[in-house]
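Reader: Got the file open. Can we go through it piece by piece?

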Amino acid sequence: MKTTLHTEWTVGDICKGFIYDKNEGKGLFGLDGKLIIQPEYQRNYIYGDGKKDVAVIESLLKGYPLGLIYFVLNKDGMYEVLDGQQRITSFARFVNQSWPFDVIRNGKPRTFKSLDPDEQKRIVDAPLTIYVCEGEPSEIQEWFETINIAGVPLVKQELRNASYHGPFVTKARAVFSNTGNSNMTRWRTYAKGDPKRQAILEAALDWVSGGDIDGYMSVHRYDTKIDELKNHFDTVIDWIDSVFEYTGSEVCGLDWGRLYNQYHVNAYSKDNVSKRVDELLSDTQIDHRGIFEYILGGEKDTKLLNVRVFDEKIKKAVYDKQTKEAFEKGISNCPLCALGHDNNSKRRYNYNEMDADHVTAWSKGGATDASNCQMLCKTHNRAKGNR
Ligand SMILES: [Zn+2]
């Protein structure tokens with residue numbers, strides 16, 4: 001992995017040969033044809049709001065630096081913008097007057113052409129600070145994760161798309177990152193997140209690769225077809241549909257790729273499954289997200305339901321231990337009473353005067369086992385429950 005600092009390129013250099021695609025809302029090329037401004041993995045251009053784009057030009061007119069910009073040098077000798085695409089597209093739009101906008105100078109709106117020559121010169125001669133990095137995908141990804149990029153940081157899958165950019169990512173994005181795709185609503189019932197932030201693509205890759213997204217992307221990087229990815233994703237979604245009728249929020253973001261692999265060879269009655277889902281959903285003492293795998297596994301693994309209530313055996317054992325330790329220290333066996341300074345601080349409660357409490361709240365993933373159980377006096381338990 002090699003990074004090189006470039007300070008010789010100016011705004012004018014980058015604007016040379018700038019092409020803006022208004023239909024796609026993207027700045028495409030610059031630097032006299034050597035720079036890809038809007039690679040596939042980048043977010044679409046979002047600065048075209050008459051504020052952020054104007055702010056970029058005003059910074060240049062005042063001589064403020066635009067901040068660090070990052071390019072990747074590809075094997076074919078082309079540069080790609082890794083970070084800085086919004087700023088570059090803004091100044092290039094202005095200077096080249098493609099989809100032009102105005103800035104206010106001396107109370108009047110000005111396009112680039114109507115600025116004073118010295119102001120025009122100040123913009124195009126403005127130096128930029130650009131890091132160019134070369135290396136293996138994993139190196140670039142790792143390096144990119146460690147630098148703290150201005151604005152919204154890229155999510156993991158956006159980083160992967162950057163690292164493994166190529167025909168496969170392009171095709172896959174056209175299907176899975178396209179909010180206009182007519183399947184998107186159905187897909188998002190089961191796969192969680194924003195397609196524009198690559199979450200649906202990430203789920204599809206996760207499912208087909210059995211969790212090894214990087215491995216899969218690196219093997220298929222130069223593929224021109226995405227049939228396997230697409231077919232597997234469709235297969236999993238169809239399978240979920242064929243087993244479960246329920247489409248509430250509890251099914252969104254479950255580990256469906258793994259569930260498919262583990263359970264798709266089993267036969268299920270959709271009617272019975274529906275009935276059991278409804279019954280279990282009405283039970284407020286269990287984790288509703290665990291219901292689906294619990295049913296798929298034949299209702300054997302109760303751990304999946306992450307039950308909220310401690311059983312008597314655990315409560316009794318915790319009570320005995322707590323009471324013995326408190327007795328040795330001469331303090332109350334309710335740990336919250338023991339912290340106080342009134343008469344209760346030494347009070348010894350009977351078992352039936354206490355209730356079991358999750359040290360880490362059940363709603364925050366705290367387990368219902370002895371390690372996460374404490375006995376509190378009824379008053380403190382109620383007070384804690386009401387927080
Ligand atoms: Zn207490």
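**Zinc site and cores**

Author: This is a predicted model. Cys-334 has 0% relative accessibility, so it counts as buried.

Reader: And Cys-337, buried or exposed?

Author: Cys-337 counts as buried because its relative accessibility is 5%.

Reader: Which atoms are the protein donors of the zinc ion?

Author: They are SG of Cys-334, Cys-337 and Cys-377, plus ND1 of His-380, at 2.1 to 2.3 Å from the zinc ion. Along the chain the donors follow the spacing C-x2-C-x39-C-x2-H.

Reader: What arrangement do the four donor atoms make?

Author: Tetrahedral, because the angles they subtend around the zinc ion run from 103 to 115°.

Reader: Changing topic. Which residues touch the most other members in the largest nonpolar core?

Author: That core has 46 residues, and the ones with the most contacts to other members are Phe-176, Leu-229, Trp-239, Phe-244, Trp-256 and Ile-291. Among the elements giving two or more residues to this core are helix 7 (167-176), helix 11 (227-243) and helix 14 (291-296). A second, separate core has 34 residues, including Trp-9 and Phe-112.

Reader: Back to Trp-256. What does it touch, leaving out residues up to four places away in sequence?

Author: Trp-256 touches Tyr-190, Trp-207, Val-236, Trp-239, Ile-240, Phe-244, Val-251 and Phe-292.

Reader: Now helix 3. How many of its residues are buried?

Author: Eleven of twelve, so helix 3 is mostly covered. The buried ones include Arg-87, Phe-91 and Arg-93.

Reader: What span should its twelve residues have?

Author: 16 Å at 1.5 Å a residue, and the end C-alpha atoms of helix 3 (residues 85-96) are 16 Å apart, which agrees. Just after helix 3, Gln-97 has a positive phi of about 55°.

Key
Residues are numbered from 1 along each chain as its sequence is written. This is a predicted model: local features need pLDDT of at least 70, side-chain atom pairs count only at pLDDT 80 or more; totals for chains, interfaces and linings use all residues. Side-chain values use heavy atoms; hydrogens and water are left out. A nonpolar core is a set of buried Ala, Val, Leu, Ile, Met, Phe, Trp, Tyr and Cys residues joined through side-chain atoms within 4.5 Å. Buried means under 20% relative accessible area, exposed over 50%, partly exposed in between (1.4 Å probe, protein chains only). Helices (H or I, at least four residues) and strands (E, at least two) are DSSP runs, numbered from the N terminus. Contact means heavy atoms within 4.5 Å. Donors are N, O and S atoms within 2.8 Å of the metal (3.2 Å for Na, K and Ca); water is not among the atoms, so sites may look incomplete. Four donors count as tetrahedral if all angles lie between 85 and 135 degrees; four count as square planar and six as octahedral if opposite donors are over 155 degrees apart and all others between 65 and 115; anything else is irregular. The expected span of a helix is 1.5 Å times one less than its number of residues.
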